[in-house]
Amino acid sequence: MGETIKIAGADGFEFSAYHEPSFTPRKGGVIVIQEIFGLDRHVRADVERWAKAGYEAVAPSLYDRREWGFTADHDPAGLQAGIGHARATPLEQALTDIAAAREFLKTRGEKVCVVGYCYGGSLAWLSACQLDGLAAASSYYGSMVQANAALHPKCPTIVHLGRTDPGIPADDVAAAVASHNPDVPVYIYEGAGHGFNNESPERYNAEAADLARRRTLELFDNA
């Protein structure tokens, strides 16, 4: 069963994180990076999926310095609240908290991978490029990937995009990544929009989510 734990950041602040041990013999660790809505039931469900796939998983709560345990509904008010927290959270702070989650998992085994969605997809890309000690990274529909495409991942990395995502031009992101990192696969899922891995009815695309997860699991298993 998953549980909420505390992890000490580089500044000494103890932030919360949702943690679940692997259900099967442990393959490694996975850091699950949240969407802008906080550690809601969708993030916790994703932590459980990775635990069932054999990975000890932990999702750091990246807004705790601003609002402890923040979660928001997937409605206009929740969207605005989440955007406000994301914009007010310095990227360097988020990355150091992700690094703290990496160190937490490394005490249990050397291999640590990272996966992130939306806001977390951007941070997964930045983590792959700026943090040492990650075995692999999978970035889902991160809006900051294109602007940071010139950075070079330090570990095997893949990117997932929805073709019908209104806020992220999939072909432009793919071209930007390819121009600087031709060895990084960018997968575009036809008929899928933003948040296609999230099981909320208005966003979920089961076919795209299953294929992206299989690709991510293959990447992590072989890292």
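Figure 1. Ile 31 touches Val 58, Pro 60, Ile 98, Ala 101, Arg 102, Leu 105, Val 112, Cys 113, Val 114, Val 115 and Leu 134, leaving out residues up to four places away in sequence; contact means heavy atoms within 4.5 Å. The structure is a predicted model, in which local features need pLDDT of at least 70 and side-chain atom pairs count only at pLDDT 80 or more, while totals for chains, interfaces and linings use all residues. Residues are numbered from 1 along each chain as its sequence is written, and side-chain values use heavy atoms, with hydrogens and water left out. Ile 31, Val 32 and Trp 50 have the most contacts inside the largest nonpolar core, which has 72 residues. A nonpolar core is a set of buried Ala, Val, Leu, Ile, Met, Phe, Trp, Tyr and Cys residues joined through side-chain atoms within 4.5 Å. Buried means under 20% relative accessible area, exposed over 50%, and partly exposed in between, with a 1.4 Å probe and protein chains only. In soluble globular proteins, nonpolar side chains tend to be buried together.

Figure 2. Strand β5 (residues 112-117) is mostly covered, with 6 of its 6 residues buried. Helices (H or I, at least four residues) and strands (E, at least two) are DSSP runs, numbered from the N terminus. Val 112, Val 114 and Gly 116 point one way from β5, whereas Cys 113, Val 115 and Tyr 117 point the other way. In a regular strand the side chains alternate between the two faces of the sheet. Strand β3 (residues 28-33) runs parallel to β5 and is joined to it by 5 bridges; two strands pair if DSSP finds at least two bridges between them. Within this pairing, Ile 33 stands opposite Gly 116. Strand β6 (residues 136-140) also pairs with β5 in the parallel sense, over 5 bridges, and here Val 114 stands opposite Ala 137. β5, helix α4 (residues 119-130) and β6 make a right-handed β-α-β unit. A crossover is right-handed if, with the strands pointing away from the viewer, the path from the first strand over the helix to the second runs clockwise.

Figure 3. Because 6 of the 6 residues of strand β4 (residues 55-60) are buried, the strand is largely enclosed by the rest of the structure. Strand β2 (residues 14-20) runs antiparallel to β4, and 4 bridges join them; the bridge partner of Tyr 18 in β4 is Ala 59. β3 pairs with β4 in the parallel sense over 4 bridges, with Gly 28 opposite Tyr 55. A right-handed β-α-β unit is made by β3, helix α1 (residues 41-52) and β4.

**Figure 4. A cluster of aromatic rings.** Ring pairs link Tyr 117, Tyr 140, Tyr 141, Tyr 189 and Phe 196 into a cluster. Rings of Phe, Tyr and Trp (its six-membered ring) pair if their centres lie within 6.5 Å; planes under 30 degrees apart count as stacked, over 60 as edge-to-face and the rest as tilted. The whole structure holds 11 aromatic pairs. The rings of Tyr 140 and Tyr 141 have their centres 5.7 Å apart and their planes at 80°, so this pair is edge-to-face. Tyr 189 and Phe 196 form a tilted pair, 5.1 Å centre to centre with 50° between the planes. Tyr 189 counts as buried at 4% relative accessibility, and Phe 196 is buried with a relative accessible area of 0%.

Figure 5. Most residues other than glycine have a negative phi, and most peptide bonds are trans. Cys 118 has a positive phi near 60° and is placed in the loop between β5 and α4. Cys 118 is buried, with a relative accessible area of 13%. Tyr 141 has a positive phi of about 35° and lies in the loop between β6 and β7 (157-162). At 1% relative accessibility, Tyr 141 counts as buried.
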